[in-house]
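Good morning. Please have a look at the sequence and the structure first.

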Amino acid sequence: MSCSLSYANQLPFFSKRASTNLLFPNFTTSSLQLDSDKPCRRRLRALLSIQEIPPNALRRKNDPLWRGGFSLGVDLGLSRSGVALSKGFAVRPLTVLELRGQKLEVRLLEIAENEEVDEFIIGLPKSWDGKETPQSNKVRSVVGRFAVLAAHRGWRVYLQDEHGTSTEATNRMIDMGLNKSTRQKKVDAYAAVMVLERYFSTFGEGTELVLPKQSDLQEKLQRGPPADIDFYPE
């Protein structure tokens with residue numbers, strides 16, 4: 001098995017699917033079998049394996065002593081987007097944003113900056129049988145643009161299957177005793193919680209790294225954001 005590589009809606013990024021190869025440290029970009037005789041393929045020589053840009057869940061699995069790496073979960077919607085935060089293994093609902101387009105992207109970046117996040121886990125809509133839907137394409141378009149903005153700061157963006165998370169979120173809130181009015185207001189944020197919990201429960205297996213085509217941004221992602229002195233004191 002290998003990670004797959006594909007263009008997404010002709011936007012300036014690639015999507016790398018993380019299959020069970022996430023768990024095998026010997027995986028390299030050579031597994032991608034790129035054609036060097038095509039100009040567009042030669043540009044992919046700078047592409048990095050997901051082992052070189054691993055999600056935080058995988059880092060924790062491979063190194064129990066690893067610290068740092070906060071994660072922001074996002075449940076994208078047409079008019080409302082839920083946001084959840086993970087610092088360590090604890091996941092909590094953060095907010096619901098009634099924003100779209102550039103305003104949404106800017107606000108997500110601001111939240112990440114304030115919460116010292118270095119990766120985004122964004123839900124990808126799928127049907128019950130695992131197939132993508134028309135809504136999946138819309139999410140990929142938004143995430144592709146956003147991943148470029150995030151990469152400028154060294155932050156990574158991953159896609160996570162979100163099928164059923166809204167139902168799981170509603171059931172979670174019912175179990176918590178939240179009334180119907182509160183559930184309606186917070187369901188998107190709790191759906192983002194479900195996205196993050198699913199991501200951590202599988203150690204990031206099945207996520208897709210959304211990778212900009214620009215080699216300079218790929219290098220930034222490999223370097224990552226500046227080290228947090230709280231975790232890595234000089």
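Start with strand S6, residues 117-124, which is mostly covered: eight of its eight residues are buried. Buried means under 20% relative accessible area, exposed means over 50%, and partly exposed is in between, with a 1.4 Å probe and protein chains only. Helices (H or I, at least four residues) and strands (E, at least two) are DSSP runs, numbered from the N terminus.

Before I go on, this is a predicted model, where local features need pLDDT of at least 70, side-chain atom pairs count only at pLDDT 80 or more, and totals for chains, interfaces and linings use all residues. Residues are numbered from 1 along each chain as its sequence is written, and side-chain values use heavy atoms, with hydrogens and water left out.

Which strands pair with S6? Strand S3, residues 70-75, runs parallel to S6 and is joined to it by five bridges; two strands pair if DSSP finds at least two bridges between them. Val74 stands opposite Ile122 in S6. Strand S7, residues 156-161, also pairs with S6 in the parallel sense, over six bridges. There, Ile121 has Tyr158 in S7 as its bridge partner. From S6 the chain crosses through helix H4, residues 134-151, to S7, and this β-α-β crossover is right-handed. That is, with the strands pointing away from the viewer, the path from the first strand over the helix to the second runs clockwise.

Now helix H5, residues 165-175. Thr165, Ala169 and Met173 are buried in H5. Seen down the axis of H5, the buried residues fall within an arc of 75°, so they line one face of the helix. The arc is taken from the directions from the helix axis to the C-beta atoms. An α-helix has 3.6 residues a turn, so residues three or four places apart point the same way. What do the buried residues of H5 pack against? They pack against helix H6, 180-201, where contact means heavy atoms within 4.5 Å. The face turned away from the buried side of H5 carries the exposed residues Thr167 and Asp175. Just after H5, Gly177 takes a positive phi of about 85°.

Last, the chain as a whole. Its secondary structure comes to seven helices and eight strands. Buried residues make up 43% of the 234 residues. Of the contacts with a separation of 6 or more, 67% are between residues 24 or more positions apart.
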